[in-house]
Amino acid sequence: MSQDAPSSGNFSSVPILDWSLTKTPEGKAKFIDQLRHALVNVGFLYLSNPPVAREDVDALIEYTPRLFDLPQEEKEAIRMANSPHFFGYSRFGAELTKGKTDQREQYDFGTPYESHWKPGEPEYHKLWGPSQWPKEESLPGFKDTYLRYLAQLEQLSYQFIALVAEAFELSEEALLPFFPGGIEPRPGLLQHRSKLVKYPARKEGESDQGVGPHYDGGFLTFLLQASDHPGLQVQNLAGEWIDAPPIPGTFVVNIGKALETVTQGLARATSHRVLSPPPGSTPRYSIPFFQNVAQDICIGDVVLQFKPEILALKDSRGKVGAVDSVNYTEYGQYPTGYVNLIGRVKSHPDVAERHYPDMFKQFFPNGLPAQGSAY
């Protein structure tokens, strides 16, 4: 898959960036140039040779189908409704995107975090806390493997966001408001989220919406495509859907709405979706990691300032045409923690009914709906 020319204001493929280039001064300069192009013009990239242990990646890929093959009663024992932090199991077809059912089953987990929330504090502080895990005897070694993997992704996300700053000729200090404790805060100061997702093969005549068109919310997403099925598509400036098939040994990295907002639209959040595998296929599995930032910061209050020649790069790509995604319009209005909580409440009303009753009544005055729908 080739990278588009740097002068291109649109894209017809997703560029591949090689992390190993960052190990030498000459290579790092090349990587930064490629990264700047991907951030401004595409909003998506493949990252090859990432600094994540291959044995942990392979082990997690091997565990993933087994996690979904657990008996249904064991899945339900850790269902998301148990957790005020929105961690745990979600049954197939529980969510809608743009009015259509997402044909997926999933588990949500997070990096380790000790909840410090007390009554009277903002409710969105309650969003961070411990994950729910399957029984160790049911899936021996899964929790330890996943936690090792998440720790490595967390560090990669901090290293990568520092390179984003460098690509835009910002100092690392410019990002400090978003990362308490420094650009590489110690584990446990922030909580980042991850999912393991199963997209079953669709049946003849059924919808192919694995997950509908959407943007991601935070700063960066790192996606491990954990099976060899295509299905991920990203939407270019012309509104065309471009395939981003699995490439072994890579992560797919994309920009979230929060990062787009603080960079004045310089870094581009890109609409994307997943199509279900065709009839007769095996399931598609994917494992996204979502980088979070400080909960109390209002993105609209900290807009980064750029040199005119850097900001002009946004104009060279052309205007974004009509896209199919509409979510995360709240960024710039509220603290990021509250924006994230709104999305969680709307996506998972059964959790909200149990743990956030006031917000549940606000968003669901007619009672519990059959499905959640953030957008």
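1. Of the 375 residues in the chain, 55% are buried (under 20% relative accessible area with a 1.4 Å probe, counting protein chains only; exposed is over 50%, partly exposed in between). The model is predicted, so local features need pLDDT of at least 70 and side-chain atom pairs pLDDT 80 or more, while totals for chains, interfaces and linings use all residues. Residues are numbered from 1 along each chain as its sequence is written, and side-chain values use heavy atoms, without hydrogens or water.

2. The chain has nine helices and 15 strands (DSSP runs numbered from the N terminus: H or I of at least four residues for helices, E of at least two for strands).

3. The largest nonpolar core holds 83 residues, and Tyr149, Phe160 and Phe219 have the most contacts inside it. Helix H4, residues 142–167, gives the most to this core, with 14 residues. Apart from this core lies another of 15 residues, including Val197 and Leu232. A nonpolar core here is a set of buried Ala, Val, Leu, Ile, Met, Phe, Trp, Tyr and Cys residues joined through side-chain atoms within 4.5 Å.

4. Leaving out residues up to four places away in sequence, Phe160 touches Trp19, Phe31, Leu35, Leu45, Leu47, Leu220, Phe222 and Val253 (contact: heavy atoms within 4.5 Å). Among contacts in the chain with a separation of 6 or more, 79% join residues 24 or more positions apart.

5. The C-alpha trace spans about 55 × 50 × 40 Å along its principal axes.
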